[in-house]
Amino acid sequence: MLKYDIDSEIEPLTAPMVAAHGLTKLFSGGGADLRAVSDVSFELEPGIFAAITGPSGSGKSTLLHLLGGIEKPSSGEIDVAGTPVHALGESELAKFRLMQVGFIFQAFHLIPNLTIFNNVAMPGLLAGVASAALRDRVLRLLETVGIRDKADRLPHELSGGQQQRAAIARALVNDPQVILADEPTGNLDSAAGDAVLQLLGELNDRGKTLLMVTHDARIAGWAGKQLRMRDGRLVTTAEA
Ligand SMILES: Nc1ncnc2c1ncn2[C@@H]1O[C@H](COP(=O)(O)OP(=O)(O)O)[C@@H](O)[C@H]1O
Ligand SMILES: [Mg+2]
């Protein structure tokens, strides 16, 4: 007799955009290994806004670094936009970081002696985008994030909020499907922080999958999915 499998009928048809399976990261030193991320598994559908929450030291940044190919896992599997990140060699990993994810850091991480234009252009240059096309793209992105008039300034000449908007433009220059943001408003006052959140929300509305670490329960409340961490483990996954 043919068995009717109701579970397979309600499975989403799309593959996850971000998936982790049994993801573990050990840091060694000072005797015992520290399990910064411990056996974490989850899946995010394309286009979702997901928040990672949890106390300081719970492994949120390490998890984001693993997903973005900045750190290598000790064990487990990572799939981002169809790429098996855990299995990549160094040069493939560099290409993955350049093309498939946009990373936004709390402290902006702009290159201090490059203009805002050149900071935003850098990932495009590294990706070999032709200069005329790259120039158009950078100016359009600076327009989108509201700092077109700052193109020729150095990072230190901008406010924190403006620097973070430059960092967002930089994250978008190679048009990645996934944006990873680690406390992107953590160094900003509330007005500048709200503007950055609004911008990230608009990117998500336009289809970018957004995974954001945040301490702020209000922001986490807007997320379609919350991943809550404690001591390196995923303790709850809440869907809105
Ligand atoms: N590069 C590293 N080397 C050693 N320990 C680290 C490193 N990065 C993070 N850790 C440790 O891993 C744990 C998780 O850190 P982290 O991911 O930064 O947490 P969170 O972002 O939630 O504050 C902490 O105990 C931290 O000290
Ligand atoms: Mg952190």
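Reader: By class, how many nonpolar, polar and charged residues does the shell around ligand 1 have?

Author: The model is a predicted one. In it, ligand 1 is surrounded by Phe-27, Leu-34, Ala-36, Gly-54, Ser-56, Gly-57, Ser-58, Gly-59, Lys-60, Ser-61 and Thr-62. Gly counts among the polar residues. By class, the shell therefore divides into 3 nonpolar, 7 polar and 1 charged residues.

Reader: Which element supplies the largest share of the shell around ligand 1?

Author: At least two residues of this shell come from β2 (34-44), and at least two from α2 (60-67). The largest share amounts to 3 residues, and the element that supplies them is α2.

Reader: What are the classes of the residues in the contact of α4 with α5?

Author: From α4, the residues Phe-117, Val-120, Ala-121, Gly-124 and Leu-125 meet Leu-134, Arg-137, Val-138, Leu-141 and Leu-142 of α5. By class, the residues of this contact are 8 nonpolar, 1 polar and 1 charged.

Reader: What is the radius of gyration of the protein?

Author: The secondary structure comprises 8 helices and 10 strands. For 240 residues the globule rule gives 18 Å, and the protein comes close to this value, so it is as compact as a globular protein of that length. Its radius of gyration is 19 Å.

Notes: Residues are numbered from 1 along each chain as its sequence is written. Chains are lettered from A and ligands numbered from 1 in the order in which they are written. This is a predicted model: local features need pLDDT of at least 70, side-chain atom pairs count only at pLDDT 80 or more; totals for chains, interfaces and linings use all residues. A residue is near a molecule or strand if its C-beta atom, placed from the backbone, lies within 6 Å of it. Helices (H or I, at least four residues) and strands (E, at least two) are DSSP runs, numbered from the N terminus. Two residues are in contact if their C-beta atoms, placed from the backbone, lie within 7 Å. The radius of gyration is taken over C-alpha atoms; the globule rule is 2.2 Å times the number of residues to the power 0.38.
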